[in-house]
Amino acid sequence: GRKLVVASAGAAAGGPAPGDRVGGVGLRQRILSEAALRVLEPGRDPLFVVLPPELTATRAADFVAGLEVPWVDLTSFSDASKRQGRPVSADELVYPQRQQQLELDPDTFRAVDTLVDSGEALQNLLTLNDQVGADVTEEALSGVSFTARQSQNAARAGLNRAITWIQDRLGSVQIGAPPGVTLSSESGDFVATITNRLDQPVTVSVRARSDSGIEITPPESIELAARSRASVLLEARTDRAAVHNVTLVLTDTDGTPLGSSDQLPIRSAQVSNVIWVIMGSGAVLLFGAILVRLVRRIRRLREPQDAT
């Protein structure tokens, strides 16, 4: 169900040895030779050639100019591929062993995915930059191009270097938590510090991870100027007296972790209802005792007057 265009492997192999087979002269002579065979046999399919990656754009103009001879009709790929094809059974197609060996492995695709995600995180982090994600994606996709198969290890190493470079920038924005927090009631505020070591303004968010029984409410987003520091107020709320281990994670505006995090214990020392009852009962006894003493003192003051 697919229309395929077959390229000439012989033409792409270039000219004869001992000279440079894929050099400008050798490759051009081989292409013209393959084209001449088609001129001698009318009705043959057009000649399609996949040019080697060594042929740069600077050399391409001179190379194509050498192919402009009177008996060769240079045309575009789309025009040449409009010819009516013929059905081919799948059994006639052979997948060469060499092509199997050149297949891109899963590690390369994972590196591309990681680089694309890192580029999006960097774009979300930078307040004034909305293009870096697209640039990084273009760079990442070159790592799974057809030509990258010839040097897959080098392509994957380049992807990993780019990932490290971006992650170093993401890690330049860090969060610091206080050593510990004690709540004297069901809720309370505490302060975390965010430091931006980049020379660009950034926008970040904070996500809190903790055990059950405590809820941390951070602000929706925090904007920091280049090479600056800001204090962020977070609210903690709990209904259980205990020590809760909380991890503050710095993220971009989409919630993707940037790499920086910090932990702190939050101790809830709120007074329970039983203690309030005991304290209330003590207050009642205290005021009751004071009232009894006042009544007795008043009575003693009145007794001599009654006797007189």
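**Exercise 1. Leaving aside its neighbours within four places in sequence, which residues is L233 in contact with?**

Before we start: this is a predicted model, in which local features need pLDDT of at least 70 and side-chain atom pairs count only at pLDDT 80 or more, while totals for chains, interfaces and linings use all residues. Residues are numbered from 1 along each chain as its sequence is written, and side-chain values use heavy atoms, with hydrogens and water left out.

*Solution.*
- Step 1: Find L233 in strand β7, residues 228-238. Helices (H or I, at least four residues) and strands (E, at least two) are DSSP runs, numbered from the N terminus.
- Step 2: Look for contacts, meaning heavy atoms within 4.5 Å. Beyond the excluded neighbours, L233 touches D189, F190, V191 and P219.

**Exercise 2. Describe how helices α6 and α7 pack.**

*Solution.*
- Step 1: Two packed helices are described by the angle between their axes and the distance between the axes. Axes are lines fitted to C-alpha atoms, for helices over the stretch in contact, and angles run from 0 to 180 degrees between N-to-C directions.
- Step 2: For α6 (residues 106-125) and α7 (residues 132-141), the angle is about 170° and the axes are 8 Å apart.
- Step 3: Name the arrangement: under 35 degrees is roughly parallel, over 145 roughly antiparallel, 65 to 115 roughly perpendicular, and the rest oblique. α6 and α7 are therefore roughly antiparallel to each other.
- Step 4: Inspect the contact, where residues of α6 including V112 and L115 meet residues of α7 including V136 and L141. The contact of α6 with α7 has 9 nonpolar, 4 polar and no charged residues. Here Ala, Val, Leu, Ile, Met, Phe, Trp, Tyr, Cys and Pro count as nonpolar, Asp, Glu, Lys and Arg as charged, and the others, Gly among them, as polar.

**Exercise 3. Classify the pair formed by the rings of F48 and F77.**

*Solution.*
- Step 1: Rings of Phe, Tyr and Trp (its six-membered ring) pair if their centres lie within 6.5 Å; planes under 30 degrees apart are stacked, over 60 edge-to-face, and the rest tilted. This rule gives 1 aromatic pair.
- Step 2: The ring centres of F48 and F77 are 5.5 Å apart and the planes stand at 70°, so the pair is edge-to-face.
- Step 3: F48 sits in the loop between α2 and α3 and F77 in helix α4, so the pair ties together parts 29 residues apart in sequence.

**Exercise 4. Describe the lining of the second largest pocket.**

*Solution.*
- Step 1: On a 1 Å grid over the protein atoms alone, a pocket is an open set of points where a 1.4 Å probe fits, with protein on both sides within 12 Å along at least five of seven lines; lining residues have an atom within 4 Å of a point.
- Step 2: Count 30 lining residues, with P46, L47, F48, D73 and L74 nearest the centre.
- Step 3: Sort the lining by class: 21 nonpolar, 3 polar and 6 charged.
- Step 4: Find the largest share, 5 residues, in α2.
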